[in-house]
There are 2 protein chains.
Amino acid sequence: MKTFTVLFIPDNRSVQVDEGVTIAEAAAKADVFINNLCGGEGVCGQCKVQVTKGRVEPEERAGAFFSEEELDEGFVLACQTEIHDDLEVVIPPESRLEDAQIMTEEARALPQDPKVTPLVRKIFLELSPPTAEDNISDIERISRELRKKLGWHSYDISLHCLQHLSTDLRDNDWKITASVAKDRNGYRILKIEAGDTSHRNYGLAVDVGTTTVVAQLVDLTSREVLGVEGTHNRQARFGEDVISRMIYACGKGGLNPLHEAVVENINGLVEALARNADIDPKQIHVLVAAGNTTMSHFLLGLTPCSIRLDPYVPTADVYPQVPAREIGLLMDPEGIVETLPSVASYVGGDIVAGVLACGMADRDEVSGLIDIGTNGEIAIGNNEWLVCCSASAGPAFEGGGTRCGMRATRGAIEKIEFVEGQLRYETIGNAAPRGICGSGLIDCIYELVSHGIIGADGKFRTDLEDDRLCFEDDIPCYVIARAQETETGEPVVITASDIDNLIKSKGAVFAAIKSLVDYIGLGFDQIETFYVAGGFGSYLNIPKAIAIGLIPDIPQDRIQFIGNSSLTGARLCLLSEEAFEKAVYISRSMTNIELSHYQPFMDEYVAALFLPHTNRRLFPSVTY
Amino acid sequence: MKTFTVLFIPDNRSVQVDEGVTIAEAAAKADVFINNLCGGEGVCGQCKVQVTKGRVEPEERAGAFFSEEELDEGFVLACQTEIHDDLEVVIPPESRLEDAQIMTEEARALPQDPKVTPLVRKIFLELSPPTAEDNISDIERISRELRKKLGWHSYDISLHCLQHLSTDLRDNDWKITASVAKDRNGYRILKIEAGDTSHRNYGLAVDVGTTTVVAQLVDLTSREVLGVEGTHNRQARFGEDVISRMIYACGKGGLNPLHEAVVENINGLVEALARNADIDPKQIHVLVAAGNTTMSHFLLGLTPCSIRLDPYVPTADVYPQVPAREIGLLMDPEGIVETLPSVASYVGGDIVAGVLACGMADRDEVSGLIDIGTNGEIAIGNNEWLVCCSASAGPAFEGGGTRCGMRATRGAIEKIEFVEGQLRYETIGNAAPRGICGSGLIDCIYELVSHGIIGADGKFRTDLEDDRLCFEDDIPCYVIARAQETETGEPVVITASDIDNLIKSKGAVFAAIKSLVDYIGLGFDQIETFYVAGGFGSYLNIPKAIAIGLIPDIPQDRIQFIGNSSLTGARLCLLSEEAFEKAVYISRSMTNIELSHYQPFMDEYVAALFLPHTNRRLFPSVTY
């Protein structure tokens, strides 16, 4: 079989592959991470790459995603394009996996350190059969060998596993693979399998978001990400945001439907991931979930009712390690589920994951993390101290609560710009527009205010001559995509009330950042880097986010968009016992400032209900 | 209400009780332990006591158990006799609880030591409700309070318990009781209950014997034994001894029927114990089981198949702590089951319990433990070393494998004696004889050989004129109870083949003792005390056991019959974390000598197939 070399740009990373594998597979092999929302089915258009050297066959589905021009320039879908030549492939920013920036960095660093071990290890053991001189019990024989290989002194074992041990050992000629995990207090043998299955050790990193649930399948031996799948959170039918879902769960509806919805979500993702990677879900021995405190409670079936009410008390911050069978997850039933620890009722495991992922708790210099979702959570600190807070931002940035809002998937308008006086937009997958996602809404507000279509107070200048300006029951709105351009035949619009909501949302996030920075007595300029995370998809226009007053006005090179850092943090923990312990440490050492009891926040919030802010001196770079 | 004083002899222990309580209840209050096989129903006759001072009402059921003479002498059933006067009550040896001797001693010693804590503790917590200044998570609030009370740093918790925590705390005004247990690696919160239930903390000590299963209900707060119940092991239908049951379990029958049988056994006992003590079985939070290695495997559902085959390997020696729900036991489903650790395939947790109970591992001087059942197990040692071995003795001493053998229950002939040339016997409960139990069989062999009815080789002297000598197909036998005396109308006899079996059984036990003593290079005279344990009921005639060559010929004051030490050991562990840890230490430090691979044992065995022994110098006190 012929082999070819593929060079990936801008990673500048090359890999040798057999003829006929896809560009996506080659990228995975090269540790270059490309979007794969549809799991390689060629239907989402998220894995667009440009072949700049070498010849590729035109592929069937490309026409649906690319213009003639793009096709001429060598754009193809990585998952559909087979390799029959040496290639140079450019990965455009929008095709990089949401959390690629951090992931590639960390995942690459990990294997260097021999102490870094995944949460579940699989150890192949060739045991000497018992003799009259050496007739210790079966479990002691296994423990003795594990002691030699891993050095730990003692091993706990579940009854279930022990019940099959005798047969497992004798049926397999004393050659077995033990799955071993650490829990809070010691080491535990989870499972015994026939023969050497140590290379079939998979884990799942899951971001349990309020709006979306995203899961990554990770090969714990090679540390490769084998796939990522995302889906709407099925809990949406019980309420858009965590508050309404808590009301449902704590009222007549009960907790169970909420718990089952998220389990079904994950099981659906596992099914797709396992099918695409051609693995048995039973070989998934560990799942690490990151979510806000309420979502973590729903996942584990914990009552969230006191989270909602002053003084906002969760059942737990640090969650127990749970066998997968107790939750009914589609994976090894004896495998383990770890949930990233929370800090408080409104600062959850997703933020802990983010702090872990961006590495701010490892460095001397002070950094900040801004996670923008239904809540805006802020964490600031370094390797010596960490403080955080949370403010309710509403669902606008996640595509909820606005007329045409949607999450960052195919058909979402993610970019809006006036070019020579004409409004232009781009949609995800280049599809006909279906709505506007978070990044599109930020662009939209910026374009409207900077072109004088709305004022600094967010009100429409209804006297303008603009054929996109429209009225519904005398309430002004603005057409972003006209009816004839959209998938549904209905125009995509932004209304005055949408703009009100967005200003409240951005005001809450900024007020939280400002309050926290003031609280610790620092200025924005003393914070080395601001990491911005959130469900904006692959794209967030930082200058525009500054210009509408969502994030502080500091030099752009000190702001880094890190996408879904909740997922990245979960994967880091999957791959490293030490990272998980670090997450527990972060959750325990972070100080939460309860903004609902903090008067300066209220003042900051009111001051921030303006574009960019009532105090323009805070945004010197803003010119509109 | 009037109160009366009851003085118990020979304990010389008096107690004040309210009018109308039974003598059995008064005895329990006084820490005087009386047999209670039927659970106070007045049907087993095992709680016979003699009222020597004070007046008692004659009771209905007494006629079934006592002769006119006995009634005149003040004999009554303790469980049926109410107290309406100051009394002096003599407990005859046969009415003492099987393991009373050690139990009273140890159970009394325990409360002195404040460090001694039961395996499960129940701690009442009055928590301060959360405030804005103190809004830590619910589980952290509990852990903080437990830290203050118990000093341990961290507490694990099951998901099940955590799922109910929020509601449990708020519904009960922050006043709850936590059940806390230690496992191998740390401390765990098992259960949260409303209000103060710390005084309702019960445990179960279970002796899982091959022939019988006996359970004691223990109040872990007061350390009182609330009841004891025994029953035939339901596994008997799958085979009389462990070998035939293993063959069943490892053949077509499968493990499950054996596992379920012992669970049903225990559940039946729990039901009776809970009913009699008027407690909810859900308040039993811990069960400690002691049994031989095979029985322990059956209890936990572990495959015992390799125990039976050379090189005799069990699945486990030290068993995991298991939640009760995983075994389906009738108790708190979140409660824990601890199984006393084994030493080897044929030296089980029952022997470890015995070593623990007799205290030999705590003392400088060397002692021996002889446990006589289907196997004879011997342990010798002190606080520095312990060795043990096991020999298959056959079921004769437990009432199996002989024509009229039965276990030590009502109607069993437990004593046989020639008085002025006439054979006299006594049965348990003074009932019409149904068969002969182990102690009766030992008496029987002794009487037959010492009166020349059988020779030192065990063969009948068929030329004797004795109307009890009979023949069945030319095989001689001897009538112990004539047909007209028995319950069934069939005579109770001992056959030549029974005597053969008994000589093999006693030969195996003695050979094991002798081999082990020789192995460690000591003489019998260097062993301070021999503790003899076994299912003989309340009675074993030591001089006769010596005279037939079952146990070594040493002064009687150095031999102590300790009854069911397996049960005593289990109860000690129930009452003391330290005792359980000691049991694990004993199991790990005891050296097992595999007699099937030890030639001197075979020689000793052949030499012991004689009454008392081929080498009479080993039994200088024997005069027949």
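Helix H14 of chain A, residues 577–589, has 13 residues and spans 18 Å from its first C-alpha to its last, close to the 18 Å expected at 1.5 Å a residue. The expected span is 1.5 Å times one less than the number of residues. This is a predicted model, in which local features need pLDDT of at least 70, side-chain atom pairs count only at pLDDT 80 or more, and totals for chains, interfaces and linings use all residues. Residues are numbered from 1 along each chain as its sequence is written, while chains are lettered from A and ligands numbered from 1 in the order in which they are written. Helices (H or I, at least four residues) and strands (E, at least two) are DSSP runs, numbered from the N terminus.

**Helix H14 of chain A**

- The buried residues of H14(A) are Ala579(A), Phe580(A), Ala583(A), Ile586(A) and Ser587(A).
- They lie on the same side of H14(A), because they cover an arc of only 115° around the axis.
- A residue is buried if 20 or more other C-beta atoms lie within 10 Å of its own, with C-beta atoms placed from the backbone; the arc is that of the directions from the helix axis to the C-beta atoms.
- The cover over these buried residues includes strand S15 (336–339), helix H9 (349–358), strand S18 (386–392) and helix H13 (565–575) of chain A.

**Strand S25 of chain A**

- Five of the six residues of strand S25(A), residues 529–534, are buried.
- S25(A) pairs with strand S16 (residues 367–372) of chain A in the parallel sense over six bridges, and Ala533(A) is the bridge partner of Asp371(A).
- Strand S26 (residues 559–563) of chain A also runs parallel to S25(A), joined by four bridges; here Tyr531(A) stands opposite Gln560(A).
- Two strands pair if DSSP finds at least two bridges between them.

**An open sheet in chain B**

- Six strands of chain B form an open sheet of mixed pairing, in the order S12-S11-S10-S13-S15-S14.
- Strands S12 (225–232) and S14 (322–323) of chain B stand at the edges with a single partner strand each, so one side of each has no neighbour in the sheet.
- S14(B) and strand S15 (residues 336–339) of chain B are antiparallel over two bridges, with Val322(B) opposite Val337(B).

**Contact between the chains**

- Chain A and chain B each give 40 residues to the contact, where two residues are in contact if their C-beta atoms, placed from the backbone, lie within 7 Å.
- On the side of chain A that touches chain B, H5(A) gives the largest share, seven residues.

Technical notes: A residue is buried if 20 or more other C-beta atoms lie within 10 Å of its own, exposed if 12 or fewer, and partly exposed in between; C-beta atoms are placed from the backbone.
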